[in-house]
Every structure is written in structure tokens, then in C-alpha cells.
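Trainee: I have a model open and want to learn how to read it. Where do we start?

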Amino acid sequence: MGGMGGMGGQGNPFGGGGGGMGDLFDQFFGGGGGGQQNGPRQGQDLRTRMSISLEAAYEGITREFTVTRPEACPDCDGDGHPPDADAQTCPECNGQGQTTRVQQTPLGRVQQRQTCPRCEGDGTLYSETCSTCGGNGRVQREATLQVDVPAGIRDGQTLRMSSEGAPGENGGRKGDLLIEVGIDSHPDFERDGDDLHYDAAVSFPKAVFGASIEIPTLDGPVEMDIDSGTQSGERFRLKGKGMPRLRGRGSGDMYVTVQVVTPTDLDSEQREALEQFAEAGGEEVEVEEGFFEKIKRSF
Ligand SMILES: [Zn+2]
Ligand SMILES: [Zn+2]
């Protein structure tokens, strides 16, 4: 299992290795004295994505996944040539791996060093090329890995698996594998940081008289009391029933918003009761003749 070394998106997507102003500087002014081309270079960081459920983000999960990545060619050990191939010092650069080019510029004559085009910086030529990798020393392979996704991870956060990226060159260490974790939306809960939001449907009588209602949480259902006279849109807090805090103690909260349900499909008894309710409050309601009345009248 790969270790997880830290989180966050601060990985360099362009990987280690050469490039940058330093090299340019060296090229123009002849610094470095050559030989750098043969030095160890760290492999590139690679990126992949995975998505998990909110439940998995709540619990934390060990997830197996596959990734296609460059690996050192198994047939030549990453050298690009068979072990028994004849080696010859590159005549172009005399084994230096770099050649010097003299250029006329407005500033005068400038010596510019470049990677030897013939041996590609290797300094050595080989009689044979590895047929498996075509000489570049690496092949694309599908690897199956496991990563520990910590409880409380948020959508879009990145896990870093150390040394699971591209192989280094000339003995350099491997790059890292960066995994961006997406969290699927949930049918019941809306997440806001470490808090969760839930809309609870409450019947009209329960909202009027108050009740204990069952609320689903990621930790199983809990009972919640709503006061008599609760209005639609009123919000209750269930402390500690949100998401666990990543690498911290405790959890966020769950916010429950009550949605009072207007009754539909009333039977005649319910209809009469509501009519009486309205009349008792001095309200005049126009009641359309319902299904049951129609049936009753037809007898
Ligand atoms: Zn050469
Ligand atoms: Zn090979």
C-alpha cells in the first residue's frame, strides 16, 4: 500500500527535472561544467482522479484503483538497450553528453552548450536498442494501487502518494502520484464545509402540535423534537451530526430545515374536518365537491 504524504494541490504538475532559468543561464555562460545531463533527475508527478460517495468521505475508506503510468522497461531495466549490447563512447561529444556551439550575437561570440543530439546526453552509444521500449527505457503499464482516503475529505482535495509517479532518470527518485478526490452529490444531504443540510418533510398536524420526527444522518437515524407551531423553513441544528473534521477533532453539525407539507388527496372525513377548522377560524373556504361526495350522492 502506498503511503499518503500530505494533502493539498501544491504539487508541481510539471514534475522535477531540468528546465527553468538556471539551465538557461548555465547554457549561455558555460556554468555547471557539463555532466549535469547525466545526473539523477526526479521523475514527473502524475495526476489522476477518483470519486467517492459522501458516506465514504464520512467514514474514510481504503480504495483500490488502477492507473496507467510510465514504468521502467522491465526488459532493459530502463536503460534503453539490452544489457549485453556493445557500448561505444559517443564520438560526437567524446562521452561528455554535451556539445558546444559557438554563436555570433550582438554581444559578441557566445559559446552555447547543448545536449548532444547523437547520444541524447548519454555519452555512450549502444549497438542495439531495446525492442520492448524502443530505446526510451520506459513503458506504459497499468498498475493497481490502494490509497487511504481520510474521513472528512472535501470535494476536490488532492491526495499525494509518494514515489508512485513516473520513474526518475539516471537513478533519480520517482515522482509522486496526485489523486484528486471528487465526492458524489447525495440525494438527502447538501454539504457545506463540515456541515450538512437536510430538508425534513413534516405533516401539517405535526407542525401544529409539535412532534418527535426521525432524521436520517450518516451515523444512522436520530429523533429530533420540533416545537408546536413550527413554520415551514424553520431550521434546527443537530450538533455534531455533520462531517468529521479532517485531521481534527469533532464534527460539523447537521442543519435540518422543516418543510411543512400541505395535505393533498384528502378523504371526505379529512375534508370535513378541515372545513370545520377553517370555519372555526372565521375563514370562508370554497370547497370543491370531492370524489367521495360524488360517489355518496350517486346512491
Ligand atoms: Zn554524444
Ligand atoms: Zn526496454
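**Reading the model**

Mentor: Start with Lys239, which counts as exposed because it has 10 C-beta neighbours inside 10 Å. A residue is buried if 20 or more other C-beta atoms lie within 10 Å of its own, exposed if 12 or fewer, and partly exposed in between, with C-beta atoms placed from the backbone. Lys239 sits in the loop between β15 (235-238) and β16. Helices (H or I, at least four residues) and strands (E, at least two) are DSSP runs, numbered from the N terminus. This is a predicted model: local features need pLDDT of at least 70, side-chain atom pairs count only at pLDDT 80 or more, and totals for chains, interfaces and linings use all residues. Residues are numbered from 1 along each chain as its sequence is written, while chains are lettered from A and ligands numbered from 1 in the order in which they are written.

Trainee: Where is confidence lowest, and where is it highest?

Mentor: pLDDT is the predictor's confidence in each residue, from 0 to 100. Helix α1 (residues 21-29) is lowest, at a mean of 39. Strand β11 (residues 189-192) is highest, at 98. The mean for the protein is 85. Residues 1-36 stay under 50.

Trainee: Which residues have the most contacts inside the largest nonpolar core?

Mentor: A nonpolar core is a set of buried Ala, Val, Leu, Ile, Met, Phe, Trp, Tyr and Cys residues joined through C-beta atoms within 7 Å. The largest one has 24 residues, and Ala57, Leu159, Ile179 and Val181 have the most contacts inside it. Its largest share, five residues, comes from β10. Domain 1 (4-85 + 128-183) and domain 2 (186-262) each give this core at least three residues; domain bounds come from an automatic or database domain assignment.

Trainee: What does Ile179 touch?

Mentor: Two residues are in contact if their C-beta atoms, placed from the backbone, lie within 7 Å. Leaving out residues up to four places away in sequence, Ile179 touches Thr48, Met50, Val147, Thr158, Leu159 and Met161.

Trainee: Is helix α4 largely in the open or buried?

Mentor: Helix α4 lies largely in the open, because the number buried among its 13 residues is zero. The expected span of a helix is 1.5 Å times one less than its number of residues. For α4 (residues 268-280) that gives 18 Å, and its end C-alpha atoms are 18 Å apart, which agrees. Gly282 follows α4, with a positive phi near 75°.
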